[in-house]
Amino acid sequence: MHISRREFMQLLAAASAAGFPLGTVACGNNKAGTAGDPYDTLDRFGNVHLLHYTDCHAQLKPIYFREPNVNLGVAGMRNRPPHIVGEHFLKHYNIERDSIHAHAYTNLNFMEAAEQYGRVGGFAHLKTLINKLRDSRPNSLLLDGGDTWGGGSGSALWTNAQDMVDAQKQLGIDIMTGHWEFTYGADRVEEVVNGDFADAGIDFVAQNVRDVDWGDRIFKPYVIRELNGVNVAVIGQAFPYTPIANPRWMVEQWSFGIRPDDMQEQVNAARAEGAEIVVALSHNGMDVDIKMAGMIEGLDAIMGGHTHDAVPQPLPVERPDGGHCLVTNAGSNAKFVGVLDFDFRDGEIKDWEYRLVPVFAELLPEDPSMATFIHNMRNSDVNYRGETFNMEAKLSEELAVAEDLLFRRGNFNGTFDQLICDALIEVHDAQIAFSPGFRWGTTVLPGMPITFEHVMDQTGLTYPETTRNAMTGAQIKTILEDVADNLFNADPFYQQGGDMVRVGGLKYAINPEAEVGNRISEMELGGEKIDPDKEYVVAGWASVQQEPPGGTGTMIWDNVADYLRNQTDGVRISELNEPKVKGIGEDNLGFVPTTEDMYRRS
């Protein structure tokens, strides 16, 4: 799907005249979902070329990945990209139903389409696409938006992210910012940035990361690269809530934050240094990027990540100086490559084109050198927590068979999340289970073996210990309210990322548009109303504290694997424990209720 700046502005003008709000224009000068090769319209445009992927979460091999059926926006974010799903998404972007692009961007008919079109992503296939794009776009920049080293990978965890660092060098990235990278600890990040990356000519940029005591910058705020005679500045914006959403002790001497005033200073500094085009490589999340874009003068585009939104066209946001900043987001799991082409002449941007290109493993041959690297790396031995093993052998263990579609992704719950909660309740003899609302995690089709790799895709992080605690009903409500506010705060600058905590055992209702502290209601367990003063046994994992209270000494992946090994009749989710969603209205374009036919074979 592609469209030029000129055509896009014509569509905006026509829509405005017709009374449509800017955020609901169905943009596209062709049908993105028409049949045929999705790679036959990648011709070069202009003279400045930015290639962008983000949030791959260390997925080196092709995977299945289901896009969400729930992506709610509140207040000014309601019914504005990225908060549009399903049929509404197709209509908004003029995508043909039941097409290959409809499968890439939505969850519609996922099981049938996945069997028809096959897996997505994979670094060997991604490398082939990057090579194809670079062949027609000399001197292009490849930008990595972060969440590359981990959050969902056994081999990344066991190699201390070296597998992904080596893959990035093979891929040929030029500039990177970060988020889950920081969960390997400050020392490891600096070791890579000052070692592997420096040797390979890769820049790690993050204008918003500073020393806690002295305020000194930890990383370069931006770099300027000359592309075909045009000076292009790339300013880094790491995930601003890293020390809150992830363990503080891992980066205890670093402070983060959104820092829009500092972003403006860096744009000004880059312009003063001779930058003719200025873009931000951001891990804010799309809603935060949209707000920030409207505050910063002189910023031409934001290549965004963190919220895993596959958005086919940029959202143009009016800047304080009257210009427009293009806000993009390039999905996740190495499933997409964003391609932003500028036509820069006579000292200004004359035109632009943008494409979000899906990576279909069946349609892109493997790059031989990348495929060899991945094969050799996975077939090597590692030592982790005192155990030496072959990674491929461990990852390949078949634990059980999926009878239903197992997925994550979505504001409230997924079937693989439900499986994790069921495992926590059984293994720890708990009444209630909490599992973090991570957006990463691959999908397992019905009939497929559930491997240990699938479990690591959902649980592989650097603080995996499980917990078992007694909590009062009032404490449980407070936890749910806090997470709901992080997700549904009317001001995107107060949204800390992730989806709603996944819950096992407990049932509840949620009103996303209610006031702080009043979103959660109708809490019950086993048909009985939750007593705010009564204590309940709650199991969980991924505490951000260095020594979590109630720590059991067991790792989440071992708990889930043991649970799966006992499911000899296959894994079926008897009931997907989703909350009752109240107050959003039938006109909300970001909500399609989950029904059994969305995850269960007939």
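"Buried" means a relative accessible area under 20%, "exposed" means over 50%, and "partly exposed" is in between (1.4 Å probe, protein chains only). Helices (H or I, at least four residues) and strands (E, at least two) are DSSP runs, numbered from the N terminus. This is a predicted model, where local features need pLDDT of at least 70, side-chain atom pairs count only at pLDDT 80 or more, and totals for chains, interfaces and linings use all residues. Residues are numbered from 1 along each chain as its sequence is written, and side-chain values use heavy atoms, with hydrogens and water left out.

Let's start with helix 17, residues 556–565: seven of its ten residues are buried, so the rest of the structure largely encloses it. The buried ones are Ile-556, Trp-557, Asn-559, Val-560, Ala-561, Tyr-563 and Leu-564.

## Helix 12 and its buried face

Now look at helix 12 (residues 368–378), where Met-370, Ala-371, Phe-373, Ile-374, Met-377 and Arg-378 are buried. Viewed down the helix axis, these residues fall within an arc of 160° (taken from the directions from the axis to the C-beta atoms), so they line one face of helix 12.

What do they pack against? The partners of the buried residues in helix 12 include helix 5 (123–136), helix 7 (162–171) and strand 17 (387–390); contact here means heavy atoms within 4.5 Å.

## The largest pocket

A pocket is an open set of points on a 1 Å grid over the protein atoms alone, where a 1.4 Å probe fits and there is protein on both sides within 12 Å along at least five of seven lines; lining residues have an atom within 4 Å of a point. The largest one has a volume of about 1,100 Å³, counted as the space filled by probe spheres set on the points. It is lined by 41 residues, and Ala-245, Pro-436, Val-483, Ala-542 and Val-544 are the closest to its centre.

Helix 16 gives the largest share of this lining, with five residues.

## Some loop residues

Asn-79 sits in the loop between strand 2 (48–53) and helix 2 (86–93). It's buried, at 14% relative accessible area, and its side chain reaches the backbone nitrogen of Leu-589 at 2.6 Å. Pro-82 is in the loop between strand 2 and helix 2 too, and a cis peptide bond joins Pro-81 to Pro-82, with omega about 15°.

Asp-98 isn't a glycine, yet its phi is positive, near 60°. It is exposed, with a relative accessible area of 52%.

Definitions and conventions:
A polar contact is a pair of N or O atoms within 3.5 Å; within protein, one must be able to donate a hydrogen and the other to accept it, and residues adjacent in sequence count only if both atoms are side-chain atoms.
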